[in-house]
Amino acid sequence: MPSDQLSPPPSPGRPPIPPSAGQGSQGEVPLPTVPRQGSAEQAGHESTDSLQSSESPVVPVGGLRKLVGTALADVTPLRTSTHFRRIWFGQSISSIGQQMTALAISVQVYALTGSTFATGLVGLCSLVPLVIFGLYGGAIADTMDRRRLGLFGATGLAILSTALAVQAFLGVRQVAVLYAVVALQGVCFALNAPARASMVPRLVPADQLPAANALSTISMNLGLTVGPMLGGLLIGVWSYQAAYLVDALAFGASLYAMWRLPSMLPETDPSASGRKPRTSVLDGLRFLRGRPNLRMSFLADLAAMVFGMPRALFPALAAVLYHGNAGTVGLLAAAPAVGALLGALFSGWVSRVHKHGVAVILAVLVWGLSIAGFGLSRHLWLGLLLLALAGAADTVSSIFRNTIMQAAAPDDMRGRLQGVFTVVVAGGPRLGDFESGSVAQLTTPTFSAVSGGIACLAAMLVLVLRYPSFARYDSRSPTP
C-alpha cells in the first residue's frame, strides 16, 4: 500500500478543561464588586457579603484536575489511532505472557539440574540470537512489508510457547530442548521487534511520538512487573505448564493486532533513484556512522547500562549490606521496574519537551547518581527508593532516545536502526552484569556499585564533550 494511505491523522491536541463554577476563564476567583451608588445600609450589606466571600474562596478544582491530567501519561495516540491502540494492547498482553514464560523456563531448568550455572545459561542462549538476528532483522524490515515480518515473528513466538507447553505436559526432561527453544525465541523476537517499532512513526503523527513511546514503555514495564507475579502464582498453584499455555494463548492479541494492520512497505529514499532497497546491515551501520545525534543516543544508553547496571550485585548486597534473604533480592530487582512503570505512567509532560538531547543527558546523569547513591546507602528503604528513581530516569531516557531515532531517521533506515536499538537494549545490561560482577569479585559489591555509578557519570560527560550537537537537538527540526 502506498505510504500516503498510512499518513497519520492530524493531532487533535487535548480537549480544553472548562473552568469551575464561580471561576473566570483562567480559573481565578472573581473579585467582589463594590457598588458606586446606594444607601449606607446597602453598602454595609455589600461589605459583609464581600468579607464572607474573601473568607471562603472558591477552590480551583478545575486547575487541580488540569494539573493531574497533564502529569499522567498522554493517551492521545490510543484515542486517535486505532491501529496503534490494537498494537499497544496486543503487545501489553503478549509481554506479560512472555515474562511468565521466562520465569517458568528458569524454574524448570533449575528443577531439572539444580544448578544456578545451568539456569544462567538461559540468558546467554537468548543473547547471541538477539545480537546476530537483531541487526539482520532490522535490515529485513527495511526491505519488505513490515506487517508481514511482524506477523511472522509473532506467529513463531506463539508456536514456541505452545511447544514449551507440550514438552512440559509430556514430561520431557531435557534441558537442551529448553535451551533450543529459548534460542529460537530470540530469533523470532529479533525479527518481530524492529518491524513492530519501525511502524509507530507511520501510525501516529510526529508530535505524538513521545507520548506513543511513553505508552510503549508502560506496556513493557507492565510485562516486567505483572508477568513474573502472575507466572509465580500459576507455577505455585499448578505448574509451569500453565504458564506456558497462558503465554501461547496471550499471543492471540498480538497476532490479531498485526493481522488488522494494512500493508506497511518501507518508504523509498528519493536519493535511491528508484533502486530496490538492499538487505544490508552494513548500510545501516554506515548511515549511523555519519549521524552523530543518532549515534549518541545509542552510546548514552550503553554508558548507563554497561557501567551503571547493578543487577548482578543484588544477591550479594542483599546479604552483606542489608542482611536480608531471597525476599530482599526480589525487592531490589523489582524496584527499578516499579520506578520505570511510575515514570511512564506520569509522563504526560514529555510531549511538551523539545530539547530531547538535553532530556537524555539529564536522565542518564540522574541514573548514574542514583546508582552511586544506592551503593552508599545503608538502609533498605533508601536503596529501594534510589533504585526506583534510577528506573524512572531510565524510562525518560528510553522515551526520548526512541523518539530521536524514529523522528530523525528516514523511513527506509528505521528498521536497521531499530535492530541496532534491540542489540543495545538487550546487550548493554548483560555487559553491565559482567562488568559489575567482575569489579565486585576484585573489590567489594559496594565499591562496584558506587564506582559504576561514577563511571557512568564520567562516560556521559565525555560523550557530551565529544558530541556537542546532541545537547542542541530539537524535536522541531530533527537532525540525525
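Everything here comes from a predicted model, where local features need pLDDT of at least 70, side-chain atom pairs count only at pLDDT 80 or more, and totals for chains, interfaces and linings use all residues. Residues are numbered from 1 along each chain as its sequence is written, and side-chain values use heavy atoms, with hydrogens and water left out.

Helices here are DSSP runs (H or I, at least four residues), numbered from the N terminus. Axes are lines fitted to C-alpha atoms over the stretch in contact, and angles run from 0 to 180 degrees between N-to-C directions.

| Pair | Angle | Axis distance |
|---|---|---|
| α16 (residues 411-442) and α17 (residues 445-466) | about 135° | 7 Å apart |
| α4 (residues 82-113) and α8 | roughly 35° | within 7 Å |
| α4 and α7 (residues 175-203) | roughly 165° | within 12 Å |

**α16 with α17.** Helices α16 and α17 pack at about 135°, which makes α16 oblique to α17 (under 35 degrees is roughly parallel, over 145 roughly antiparallel, 65 to 115 roughly perpendicular, and the rest oblique). On the α16 side, S436, V439 and A440 touch P445, F447, S448 and S451 of α17, with contact meaning heavy atoms within 4.5 Å. Those residues split into 4 nonpolar, 3 polar and no charged. Nonpolar covers Ala, Val, Leu, Ile, Met, Phe, Trp, Tyr, Cys and Pro, charged covers Asp, Glu, Lys and Arg, and the others, Gly among them, are polar.

**α4 with α7.** The α4 and α7 axes cross at roughly 165°, so α4 runs roughly antiparallel to α7. This time the crossing is left-handed. Residues of α4 in the contact include F84, I87, Q91 and I105, while the α7 side includes L178, Y179, V182 and R196. By class, that contact has 11 nonpolar, 7 polar and 1 charged.

**α4 with α8.** Helix α4 also meets α8, and their crossing is right-handed. The contact holds 18 nonpolar and 10 polar residues, with no charged ones.

**α8 itself.** Helix α8 (residues 209-237) has 29 residues and spans 41 Å from first C-alpha to last, close to the 42 Å expected at 1.5 Å a residue (1.5 Å times one less than the number of residues). There is a kink of about 30° at V226, shortly before the proline P228, taken as the angle between axes fitted to the seven residues ending there and the seven starting there.

Definitions and conventions
Helix = DSSP H or I, 4+ residues; strand = E, 2+ residues; numbered from the N terminus. Left-handed = near helix turned anticlockwise from the far one by under 90°.
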